[in-house]
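Student: I have a model open and would like to learn how to read its fold. Can you take me through it?

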Amino acid sequence: MQIPPWPRADERETELLRMVLESPQWGGFHPFVAEFEQSFAAYQHARYGIGAMNGSVTLELALEVLGVEPGDEVIVPAISFITTATAVSRAGATPVFVDIEADSYNIDPDRVREAVTSKTKAVIPVHFGGVICNMQALLEVCRERDLVLLEDAAHAHGAEYDGKRAGSFGVAGSFSFQNGKVLTAGEGGMLVTSDAHFAERARSIANCGRASGRSFYEHHELGTNFRLSAMHAAILLAQFERLAEQIRYREDNLLAFKDLIADLKEIVWQRQALAQTQNPHYLVTGRVHRGARNEFCRRLAAAGVPVTSFYPHTLYQNPVYTRENCRVMPCPIAETRIHDSFWLSHRVFLAPEDTIQEIAGIVRAAVSALPASVLS
Ligand SMILES: Cc1ncc(COP(=O)(O)O)c(C=O)c1O
C-alpha cells in the first residue's frame with residue numbers, strides 16, 4: 001500500500017533551511033519567524049500570531065496573559081491531549097472536566113453550562129481531530145456567564161466553520177506544529193489572536209518581557225523565552241505552502257472512502273456540523289461496538305493501515321489527576337468513547353486513489369470478520 005510517510009520534506013525545506021544556515025540569525029529574530037507568524041495568523045483569520053516552541057507552552061502563555069491564577073477554575077473537555085488540562089494546573093488553577101457530545105467528540109456546551117461556578121474564569125474547547133466545536137452555543141454560555149473562551153486549536157489548522165477559521169472565535173487560539181500535526185516542524189506552536197493588547201502581552205512574555213520598539217536589554221514583564229527558532233520557521237513556511245492542497249486532497253479522498261463503505265452500519269464516523277466549511281481531517285475518527293474495537297483495530301494494523309485505538313483514558317483518569325487537584329463532572333460519553341473509538345491518521349488520506357480503495361476493502365473485511373456476538 002502506498003500510504004505516504006509523515007512528516008515529509010522535499011527540496012523546498014532544504015532550500016529555506018539553507019538560507020537560515022547561511023544567515024547570521026538562526027534564532028527567533030530571523031525574518032522567517034515573523035513571516036510565518038503573519039502568514040499563518042492571517043490564514044486562520046486572526047490579526048496577530050505569536051510563535052512559540054510548542055502548543056503546550058502556548059496554552060500556558062495564553063492563560064498567563066488572561067490572568068488565570070490559583071483559586072480559578074477552567075473548564076476543559078474530558079477528551080483531549082493532556083496539556084489542555086495541565087496548562088490550567090500549571091497556572092495554579094483547577095481544571096474542571098466535562099463530557100463531550102456523543103457524535104462530534106467535542107465539548108458539550110450544555111455540560112459546560114452545568115459546570116460553571118463563581119470561580120470559573122475560562123473555557124478551553126478543543127476542535128477534536130479538526131471538527132469545530134459548537135461555537136455558537138459555547139460563545140453564548142461564555143457571554144452569559146462572563147467567561148473567556150480560549151480555543152485549543154492544536155488539531156484544527158485550516159478548520160473553518162461558517163466562513164470563520166479555528167482560533168478566530170475566542171480571545172485566542174493555540175496551535176501545535178508537533179511531529180504528527182498536518183502542519184509540522186517536528187515541534188512548534190503559535191497563539192493567534194485579533195486582540196492587540198493580548199498579542200502585545202503574549203509576545204512580550206514569550207520574548208523575555210521585551211516591549212516592541214524598546215531596547216533589547218530592557219525588560220518590562222516577568223517574561224521568559226518561548227520563541228520559535230528560525231529553522232522551525234523555515235520548515236513551517238515550506239510545509240505551509242502545501243497545506244491548502246493537502247487539505248483539499250484529503251477531503252476528496254475521504255469522501256470517496258466513506259462512499260465506498262457507506263453501507264457498513266457497524267462504523268459510525270465523527271460528525272461535523274453542516275456549517276463546517278473546511279476540515280483538515282487531522283484525525284479521522286470513528287467508532288464500532290465497544291466489544292469489537294480492539295479486534296477491528298488489530299485487523300487494520302495487521303493489514304498495514306495506521307490506526308490508533310483512541311486515547312486509552314479520559315484526561316482525569318491519568319495518574320496526574322486526583323480528587324484534590326481537579327473537578328470532574330459526570331462524563332459517561334467520554335468514558336464510552338475510550339472503549340469504542342479509533343482514529344486513522346491524516347496521512348492515510350494523502351494516499352493515491354487505488355490505495356484508498358484497497359483500505360476501504362480492508363475495513364470491509366475487518367468488519368465482516370468480527371463475530372456477530374460482539375456487534376449485536
Ligand atoms: C489538543 C492538543 N492540545 C495541545 C497539544 C500540545 O501540543 P505540543 O505537542 O505542540 O506541545 C496537543 C498535541 O498533540 C494536542 O493534541
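Student: What should I know before I start?

Tutor: This is a predicted model, where local features need pLDDT of at least 70, side-chain atom pairs count only at pLDDT 80 or more, and totals for chains, interfaces and linings use all residues. Residues are numbered from 1 along each chain as its sequence is written, and side-chain values use heavy atoms, with hydrogens and water left out.

Student: How many helices and strands are in the protein?

Tutor: Elements are DSSP runs, numbered from the N terminus: helices are H or I with at least four residues, strands are E with at least two. The protein has 12 helices and 15 strands.

Student: What radius of gyration does the protein have, and what would a compact globule have?

Tutor: The radius of gyration is taken over C-alpha atoms, and the globule rule is 2.2 Å times the number of residues to the power 0.38. For 376 residues the rule gives a value near 21 Å, and the protein has 21 Å, so the two agree. The C-alpha trace spans about 70 × 55 × 35 Å along its principal axes.

Student: Now the sheets. What is the strand order in the open sheet of 8 strands?

Tutor: Two strands pair if DSSP finds at least two bridges between them. Here the order is E1-E9-E8-E5-E4-E2-E3-E14, and the pairing is mixed. Strand E1 (48-52) and strand E14 (327-328) are the edges, each pairing on one side only. Take the E14 end. Strand E3 (residues 94-98) pairs with E14 in the parallel sense over 2 bridges. Phe97 stands opposite Val328 in E14.

Student: Which helix packs on the sheet and touches E1?

Tutor: Contact means heavy atoms within 4.5 Å. Axes are lines fitted to C-alpha atoms, for helices over the stretch in contact, and angles run from 0 to 180 degrees between N-to-C directions. Helix H7 (residues 196-206) packs on the sheet and touches E1, strand E8 (172-176) and strand E9 (189-193). The direction of H7 makes about 20° with that of E1. Helix H6 (residues 135-145) lies across strand E4 (120-123) and strand E5 (148-152), running at about 145° to E5.

Student: What is the order of the open sheet of 3 strands?

Tutor: E7-E6-E11, with antiparallel pairing. Strand E6 (residues 160-161) is antiparallel to E11 over 2 bridges. Glu160 has Gln278 of E11 as its bridge partner.

Student: On to helix pairs. At what angle do H2 and H8 pack?

Tutor: Under 35 degrees counts as roughly parallel, over 145 as roughly antiparallel, 65 to 115 as roughly perpendicular, and the rest as oblique. Helix H2 (residues 31-43) and helix H8 (residues 230-260) pack at about 30°, with axes 8 Å apart. H2 and H8 are therefore roughly parallel. The contact includes Phe32, Phe36 and Phe40 of H2, and Leu237, Phe240 and Ile247 of H8. Nonpolar means Ala, Val, Leu, Ile, Met, Phe, Trp, Tyr, Cys and Pro; charged means Asp, Glu, Lys and Arg; the others, Gly among them, are polar. The contact of H2 with H8 holds 14 nonpolar, 1 polar and 1 charged residues.

Student: Is the crossing of H2 and H8 left-handed or right-handed?

Tutor: A crossing is left-handed if the near helix is turned anticlockwise from the far one by less than a right angle, and right-handed if clockwise. The H2 and H8 crossing is left-handed. H8 also packs on helix H11 (residues 353-368), at about 40° with axes 9 Å apart. That crossing of H8 and H11 is right-handed. Among the contact residues are Tyr249 and Phe257 of H8, with Ile356 and Val363 of H11.

Student: Which peptide bond is cis?

Tutor: The bond from Trp6 to Pro7, with omega near -5°. Pro7 lies in the segment before helix H1 (11-21).

Student: Where is Tyr105 placed?

Tutor: Tyr105 sits in the loop between E3 and helix H5 (109-115). Tyr105 has a positive phi of about 70°, although it is not a glycine.
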